[in-house]
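Open the structure in your viewer and keep the selection tool at hand. The tour below says what to pick at each stop and what is found there.

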Amino acid sequence: MPQKAAPAKHPSAPAAPKRPSRPSEVRIIGGEWKRTRLAVADKPGLRPTPDRVRETLFNWLASLAGAGGGELPGWQCVDAFAGTGALGFEAASRGAANVLLCEQDAALAAQLQATKTKLAAEAVRIERGNGVTALERVPAGSLDGVFLDPPFDSTALYEPALRAAARALRAGGSVYLEAPRRWSDEELGAFGLVGFRYLKAGAVHAHLLRPAADRTA
């Protein structure tokens, strides 16, 4: 008996590309609200700074503050692209006196306000709006710490944010820059900044920057 031909196999459709996984929550590393968990909304471009990177960053900052115990007593800070608020709330948890969290997305800004209320975070102020504009309004030379981690695909934000942060920074202050690539000292020098510490964790390039004048003082 003649054998039946096997049915033709149709090529399967290509698998849809996987979205990068993101945590559903992050935690405050130290200070008054240590271990407090912050929800991470499912929003395009939202990329919370990983716990391990934040732990290293705040160890660097506490060393500069020189207060011991990981504290940042009396610091004036701006978290310009707040997102989950992990960086700004961490600073406030460690004793910063004033922390402005800026966020353009209405739902994220509302979530930040809810977290502020839950923690009774009197040192924290939430502002819905453009982080670069907020930095430009800050008096020159008034900030101890500026946190810059805009969405990686918003490359046009980096230069104006660095320029505004450098202007707002006091002598001895620091800028944290999170970016999809490493910034060179030559690039940073155009803003009067210089690299002080650096680490890479996955796709994250984490820079701690200081005023170039501090190096020559």
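Select arginine 35, which lies in the loop between β1 and β2. Strands here are DSSP runs (E, at least two residues) and helices are runs of H or I of at least four, numbered from the N terminus. This is a predicted model, in which local features need pLDDT of at least 70, side-chain atom pairs count only at pLDDT 80 or more, and totals for chains, interfaces and linings use all residues. Residues are numbered from 1 along each chain as its sequence is written, and side-chain values use heavy atoms, with hydrogens and water left out.

Arginine 35 has a positive phi of about 75 degrees, although it is not a glycine. Most residues other than glycine have a negative phi. At 59% relative accessibility, arginine 35 counts as exposed. Buried means under 20% relative accessible area, exposed means over 50%, and partly exposed is in between (1.4 Å probe, protein chains only).

Now pick threonine 36, in the loop between β1 (25-27) and β2 (37-39). Is threonine 36 buried or exposed? Threonine 36 is buried, with a relative accessible area of 17%. Not counting residues up to four places away in sequence, threonine 36 touches Val26, Arg27, Ile28 and Leu119. Contact means heavy atoms within 4.5 Å.

**Stop two: the whole chain**

Zoom out. The protein chain has seven helices and nine strands. Buried residues make up 46% of its 217 residues. Take the contacts between residues at least 6 apart in sequence: 62% of them join residues at least 24 apart.

**Stop three: the sheet**

Colour the strands. Seven of them form an open sheet with mixed pairing, in the order β5-β4-β3-β6-β7-β9-β8. The edge strands are β5 (124-128) and β8 (193-201), and each pairs on one side only. From one strand to the next, the twist averages 15 degrees. Two strands pair if DSSP finds at least two bridges between them.

Select β6 (residues 143-148) and β7 (residues 169-179). They run parallel and are joined by five bridges. Glycine 145 has serine 174 in β7 as its bridge partner.

Move to β8 and β9 (residues 204-211). They pair in the antiparallel sense over eight bridges. Alanine 201 stands opposite valine 204 in β9. The hairpin has two residues between the strands, and glycine 202 takes a positive phi near 65 degrees there.

**Stop four: helices across the sheet**

Show helix α2 (residues 86-93). It lies across β3 (76-79), β4 (98-103), β5, β6 and β7, running at about 170 degrees to β4. Axes are lines fitted to C-alpha atoms, for helices over the stretch in contact, and angles run from 0 to 180 degrees between N-to-C directions.

Then show helix α3 (residues 106-119). It lies across β4 and β5, at about 165 degrees to β5. Continue to alanine 120, in the loop between α3 and β5. Alanine 120 is not a glycine, yet has a positive phi of about 50 degrees. It counts as exposed, at 56% relative accessibility.

**Stop five: rings and charges**

Pick phenylalanine 58 and phenylalanine 147. They form a tilted aromatic pair, 5.8 Å centre to centre, with 35 degrees between the planes. Rings of Phe, Tyr and Trp (its six-membered ring) pair if their centres lie within 6.5 Å; planes under 30 degrees apart count as stacked, over 60 as edge-to-face and the rest as tilted. Where do the two partners sit? Phenylalanine 58 is in helix α1 (residues 51-65) and phenylalanine 147 in strand β6, 89 residues apart. Phenylalanine 58 is buried at 0%, and phenylalanine 147 is buried at 1%.

Next, find arginine 182. Its charged end sits over the ring of tyrosine 198, 3.8 Å from the centre. The charged end of arginine 210 sits over the ring of phenylalanine 196, 5.3 Å from the centre. A charge sits over a ring if NZ of Lys or CZ of Arg is within 6 Å of the ring centre and within 35 degrees of the ring normal.

**Last stop: two aspartates**

Select aspartate 149, in the loop between β6 and α5 (158-168). Aspartate 149 is buried, with a relative accessible area of 10%. Beyond its neighbours within four places in sequence, aspartate 149 is in contact with Arg47, Thr49, Asp79, Phe81, Leu87 and Glu178.

Finish at aspartate 185, in helix α6 (residues 185-189). Aspartate 185 is partly exposed, at 42% relative accessible area.
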